[in-house]
Amino acid sequence: MSRVMHHMEVEPEEHDLCKKAFVLSIRDALNVVSGKWKLAIVCTLLSGPKGFADIERLLATISPRMLSRELRELELNGAIARSGAEGSIGKYELTPSGKKLEEVVTLLARWGQEHRASEANAKDAATDKPLASSEPLRKVAQAR
């Protein structure tokens, strides 16, 4: 428990600081992978390096401009690397840090399937529509 010092002042205990550090770590991680397409892009690269056109084909509904932006952000954040000289056709691949996202993606997909099933059961809905927009990950999963 926290110790009360004066009226409203509360001295934080060690577990409160751990919670804050935990939340900050989650924010750091989400800063790298947040957005509609970033985890889907990571999924396409789990099986090995791919060129821009390959990734675009696997994700089907992403625009070239959006793909370029997301790849650039993933590269700046150290999740992927691009091989090849500047201006030439190169390939994108996961960095060692990016490869660690495989477990995260797998767990997140499993949670999504379970959540979708529980929500469908709770609402007694027999629809194939996603709860929100999960189209990018679904297409990548089908392509693997």
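Which residues of helix 2 are buried? They are K38, L39, A40, I41, V42, C43, T44 and L45, where buried means under 20% relative accessible area, exposed over 50% and partly exposed in between, with a 1.4 Å probe and protein chains only. With 8 of its 8 residues buried, helix 2 is largely enclosed by the rest of the structure.

The model is predicted, with local features requiring pLDDT of at least 70 and side-chain atom pairs counted only at pLDDT 80 or more, while totals for chains, interfaces and linings use all residues. Residues are numbered from 1 along each chain as its sequence is written, and side-chain values use heavy atoms, with hydrogens and water left out.

The chain holds 7 helices and 5 strands. Helices (H or I, at least four residues) and strands (E, at least two) are DSSP runs, numbered from the N terminus. Read from the N terminus, the order of elements is β-β-α-α-β-α-α-β-β-α-α-α. The chain has 144 residues, and 24% of them count as buried. Contact here means heavy atoms within 4.5 Å. Of the contacts between residues at least 6 apart in sequence, 48% join residues at least 24 apart.

The largest nonpolar core has 22 residues. Such a core is a set of buried Ala, Val, Leu, Ile, Met, Phe, Trp, Tyr and Cys residues joined through side-chain atoms within 4.5 Å. I41, V42, L45, I55, L59, L71 and I80 touch the most other members. Two or more residues each come from helix 1 (14-33), helix 2, helix 3, helix 4, strand 5 (91-94) and helix 6 (101-123). Helix 2 gives the most to this core, with 6 residues.

Two packed helices are described by the angle between their axes and the distance between the axes. Axes are lines fitted to C-alpha atoms, for helices over the stretch in contact, and angles run from 0 to 180 degrees between N-to-C directions.

Helix 2 (residues 38-45) and helix 4 (residues 64-76) have axes that come within 10 Å and cross at roughly 80 degrees. Helix 2 is therefore roughly perpendicular to helix 4; angles under 35 degrees count as roughly parallel, over 145 as roughly antiparallel, 65 to 115 as roughly perpendicular and the rest as oblique. K38, I41 and V42 of helix 2 make the contact with L67, E70, L71, E73 and L74 of helix 4. These residues comprise 5 nonpolar, no polar and 3 charged. Ala, Val, Leu, Ile, Met, Phe, Trp, Tyr, Cys and Pro count as nonpolar, Asp, Glu, Lys and Arg as charged, and the others, Gly among them, as polar.

Helix 2 also packs against helix 3 (residues 52-59), at an angle of about 115 degrees and with the axes 10 Å apart. This crossing of helix 2 and helix 3 is right-handed. A crossing is left-handed if the near helix is turned anticlockwise from the far one by less than a right angle, and right-handed if clockwise. From helix 2, A40, I41, T44 and L45 meet I55, L58 and L59 of helix 3. By class, the contact has 6 nonpolar residues, 1 polar and no charged.

The crossing of helix 3 and helix 4 is right-handed. F52, I55 and E56 of helix 3 meet P64, L67, S68 and L71 of helix 4. The contact divides into 5 nonpolar, 1 polar and 1 charged.

L67 is buried, with a relative accessible area of 0%. Beyond its neighbours within four places in sequence, L67 contacts I41, F52, I55, E56 and I62. L67 and F52 lie 15 residues apart in sequence and 8.2 Å apart in space, C-alpha to C-alpha. E70 is buried as well, at 3% relative accessible area. Residues up to four places away aside, E70 touches W37, K38 and I41. P64, by contrast, is partly exposed at 43%. Leaving out neighbours within four places, P64 is in contact with F52 and E56.

A60 lies in the loop between helix 3 and helix 4. Most residues other than glycine have a negative phi. A60 is not a glycine, yet its phi is positive, at about 55 degrees. A60 is partly exposed, with a relative accessible area of 49%.
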